[in-house]
Amino acid sequence: MAPKRSRGAGALERKPSTALSPAPAPSRSNDLYAALDLGTNSCRMLIAQPKGSGFHVVDSFSKSVQLGAGLEKTGRLSRGSMARTIQALRICQQKLRRNRVKRMRLVATEACRRALNGPEFMRRVIRETGLRLEIIEPEQEAQLAVISCAPLVSPKTENLLVVDIGGGSTELVWIDISKVPPKDRARSIMRLHGGFAQAETDIPAARVVDWISVPLGVATLRDQFSDVQDDAARFALMSWFFEENLSDFTPYQSAQPQERFQIVGTSGTVTTVAASHLGLRRYDRTKVDGLRMTSEQIDKVIHNYLAMGPAGRRVDPCIGQDRSALIMSGAAILQALMRCWPTDRLSVADRGLREGLLYAQMSADGVLEEGTF
């Protein structure tokens with residue numbers, strides 16, 4: 001499984017991931033946009049209405065479907081995982097119909113990209129739910145993750161690493177915004193929704209130094225080392241194995257201490273680590289989204305996870321039973337990244353592909369107002 005790249009991816013209830021709070025459904029259905037992300041583990045959807053430079057969420061859906069269960073061994077989506085996913089998609093279809101949504105983008109990612117029967121499953125989805133999902137390429141997935149995190153970019157940041165730890169893959173994008181005026185840096189990231197290769201202009205623009213899609217996420221990395229019995233040994237092997245897969249990433253080849261550097265991490269792993277750091281017994285998005293963590297704080301949480309052991313992690317309220325099986329593979333990825341690029345400025349993003357899909361659609365339609373995020 002070679003990384004895909006180009007030069008210049010739980011038991012706690014999660015509120016809809018957006019910078020704006022939910023609002024009552026509007027009366028005009030043509031105001032509404034929808035975004036659906038079918039990943040290796042979860043099926044998630046947001047229905048939202050543009051407001052100002054952002055949007056209000058009016059309906060949402062999130063379900064663990066484990067679509068990629070068994071994919072590592074067989075190369076195919078199993079009957080059980082497809083059946084679970086179809087059931088979840090039927091609920092999404094009902095919500096789209098009830099809200100009379102006309103503008104939508106529905107995507108599938110790594111599990112459907114890799115599965116031999118992925119295209120066949122997409123045809124089955126159309127037959128049984130009426131929904132047309134597109135299997136997007138890794139570069140599109142990386143673009144969507146980047147623009148969803150634009151509001152969290154600090155005006156002081158000159159080099160930015162956006163990390164999206166998914167179920168089946170992990171996307172990393174390194175962006176140089178040192179030539180962009182500080183007040184315009186977040187918006188320059190948003191402009192990348194059209195692609196990482198930007199046309200030459202007189203306006204200072206964000207420059208993508210490099211990006212990579214590593215075909216290892218929380219589920220696929222866990223499955224690679226499922227035969228290792230010792231908890232700590234398995235964690236160490238996962239972390240170093242993930243780092244080995246970064247060898248083609250240009251910033252890894254020239255890794256050195258960075259000034260005015262920021263990492264933005266988006267995934268259930270990062271938000272769970274943040275919740276554990278804060279000691280939250282009930283997940284609170286308003287406290288997690290935008291939180292900054294240091295390498296030392298992240299290491300402390302991970303060491304605590306290891307001390308708990310599998311049984312302790314299953315009953316920990318910050319992790320929960322559903323996420324307990326995946327948290328250590330995600331933490332192994334996070335630890336590898338912090339080992340390569342230590343920083344006191346890792347920003348936690350409770351947002352991701354769905355938000356990126358919404359921003360991209362609304363930006364293309366010109367319905368977002370200019371202004372700060």
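**Close-up views of a predicted model**

View 1. Strands β5 and β6 pair in the parallel sense over two bridges, where two strands are said to pair if DSSP finds at least two bridges between them. Here helices (H or I, at least four residues) and strands (E, at least two) are DSSP runs, numbered from the N terminus. This is a predicted model, in which local features need pLDDT of at least 70 and side-chain atom pairs count only at pLDDT 80 or more, while totals for chains, interfaces and linings use all residues. Residues are numbered from 1 along each chain as its sequence is written, and side-chain values use heavy atoms, with hydrogens and water left out.

**View 2. Strand β8 between its partners β7 and β9.** Strand β7 (residues 159-165) pairs with β8 in the antiparallel sense over seven bridges, and the two form a hairpin with four residues between them. Strand β9 (residues 207-214) also runs antiparallel to β8, to which it is joined by seven bridges. V173 can be followed through both pairings, as the bridge partner of V162 and as a residue whose own bridge partner in β9 is W211. Seven of the seven residues of β8 (residues 170-176) are buried, so this strand is largely enclosed by the rest of the structure; buried means under 20% relative accessible area, exposed means over 50%, and partly exposed lies in between (1.4 Å probe, protein chains only). Both faces of β8 are covered, with T170, L172, W174 and D176 buried on one side and E171, V173 and I175 buried on the other.

**View 3. Helices α8 and α14 packed together.** Helix α8 (residues 231-244) and helix α14 (residues 327-340) pack at an angle of about 50°, with their axes 8 Å apart. The axes are lines fitted to C-alpha atoms, for helices over the stretch in contact, and angles run from 0 to 180 degrees between N-to-C directions. The helices α8 and α14 are therefore oblique to each other, since angles under 35 degrees count as roughly parallel, over 145 as roughly antiparallel, 65 to 115 as roughly perpendicular and the rest as oblique. The contact, meaning heavy atoms within 4.5 Å, involves residues of α8 including F235, W240 and F242, and residues of α14 including M328, I333 and L337.

View 4. Most residues other than glycine have a negative phi. Q66, however, has a phi near 50°, a positive value in a residue other than glycine, and it lies in the loop between β4 (54-64) and α1 (71-74). Q66 is partly exposed, with a relative accessible area of 42%. For R100, phi is likewise positive, near 55°, and this residue is placed in the loop between α2 (79-98) and β5 (103-108).

**View 5. S295 and its contacts.** S295 is found in helix α12 (residues 295-315) and counts as buried at 15% relative accessibility. Leaving aside neighbours within four places in sequence, S295 is in contact with M338, P342, T343 and D344.
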